[in-house]
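Dear colleague,

I am handing over the structure we spoke about, and my notes on it follow below. Please read them with the coordinates open beside you.

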Amino acid sequence: MELSFQGEDYNLYSVPILLNGEAYNLQVAYDFTAEEWSILGASQGLDDSGMASKELRLLEEGDVITTIWKMASYSGDDDFEMYTVDEVTVAAEIAFGEAPLFDGRCSMVFEMWDAAGNYAYSDAVTFDCANGEIWTTVCED
């Protein structure tokens with residue numbers, strides 16, 4: 001999930017998914033006043049010329065969404081790869097929300113890039129989760 005816009009009243013996020021087997025980014029918003037998530041639609045991102053899609057495809061009942069995670073090994077010696085995780089079939093009432101993290105250890109790295117294609121990664125932050133509590137550790141080079 002990537003923060004696309006940060007505002008006073010709401011944030012916009014882009015979530016990589018497969019929609020009926022095709023690569024899309026689900027566009028969602030979080031309204032701070034209502035404390036609610038809204039699904040705006042899905043876009044196919046950049047085309048071959050680098051132009052962003054300006055139209056959102058609305059989700060339809062029966063669409064199949066496959067969630068995607070970007071993962072790499074804990075050591076960081078490899079590149080991030082996309083992994084499909086779960087499938088959800090869109091129903092009449094579908095919602096986007098938050099869920100507690102499972103018990104275990106996770107790491108998160110921020111990937112930053114510019115218009116020229118330059119990129120950099122942040123230091124890893126490790127989350128140890130147990131019984132709904134979270135402890136974090138920043139790993140420095």
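A residue is called exposed here when its relative accessible area is over 50%, buried when that area is under 20%, and partly exposed in between. Glycine 117, at 51% relative accessibility, therefore counts as exposed. Please bear in mind throughout that this is a predicted model.

Glycine 117 sits in the loop that runs between strand S8 (111-113) and strand S9 (119-121). Its C-alpha atom is separated by 38 Å from that of alanine 130, although the two residues are 13 apart along the chain.

The aromatic residues deserve a paragraph of their own. A search of the whole structure gives six aromatic pairs. One of them joins tyrosine 13 and tryptophan 37 in a tilted arrangement, with 5.4 Å from centre to centre and 50 degrees between the planes. Because tyrosine 13 belongs to strand S2 and tryptophan 37 to strand S4, this pair ties together parts that are 24 residues apart in sequence. Tyrosine 13 and tryptophan 37 are both buried. In tyrosine 119 and tyrosine 121, by contrast, the ring centres are 5.7 Å apart and the planes stand at 70 degrees, so that pair is edge-to-face. Tyrosine 119 is exposed, its relative accessible area being 56%, while tyrosine 121, at 38% relative accessibility, counts as partly exposed. There is also an aromatic cluster made up of Tyr13, Tyr30, Phe32, Trp37 and Phe96.

Next, the strand pairing around S5. S5 and S2 pair in the antiparallel sense over three bridges, and leucine 19 stands opposite isoleucine 65 in S5. On the pairing with strand S6 (residues 81-89), seven bridges join that strand to S5, and the two run antiparallel; here valine 64 has threonine 89 in S6 as its bridge partner. Threonine 66, which lies in strand S5 (residues 64-71), has a relative accessibility of 11% and so counts as buried. Apart from neighbours within four places in sequence, threonine 66 is in contact with Ile17, Leu18, Thr84, Asp86 and Glu87.

Finally, is glutamine 27 buried or exposed? Glutamine 27, which is found in strand S3, has a relative accessible area of 16% and is therefore buried. Its side chain makes a polar contact of 3.3 Å with the side chain of serine 14. Not counting residues up to four places away in sequence, glutamine 27 touches Ser4, Tyr13, Ser14, Ser38, Ile39, Leu40, Gly41, Ser43 and Leu56.

Conventions: Residues numbered from 1 in each chain as written. Predicted model: local features only at pLDDT ≥ 70, side-chain atom pairs only at ≥ 80, totals over all residues. Heavy atoms only, no water. Helix = DSSP H or I, 4+ residues; strand = E, 2+ residues; numbered from the N terminus. Buried < 20%, exposed > 50% of the residue type's maximum accessible area, 1.4 Å probe, protein only. Contact = heavy atoms within 4.5 Å. Pairing = 2+ DSSP bridges. Phe/Tyr/Trp six-rings, centres within 6.5 Å; stacked < 30°, edge-to-face > 60°. Polar contact = N/O pair within 3.5 Å; in protein donor to acceptor, adjacent residues only side chain to side chain.
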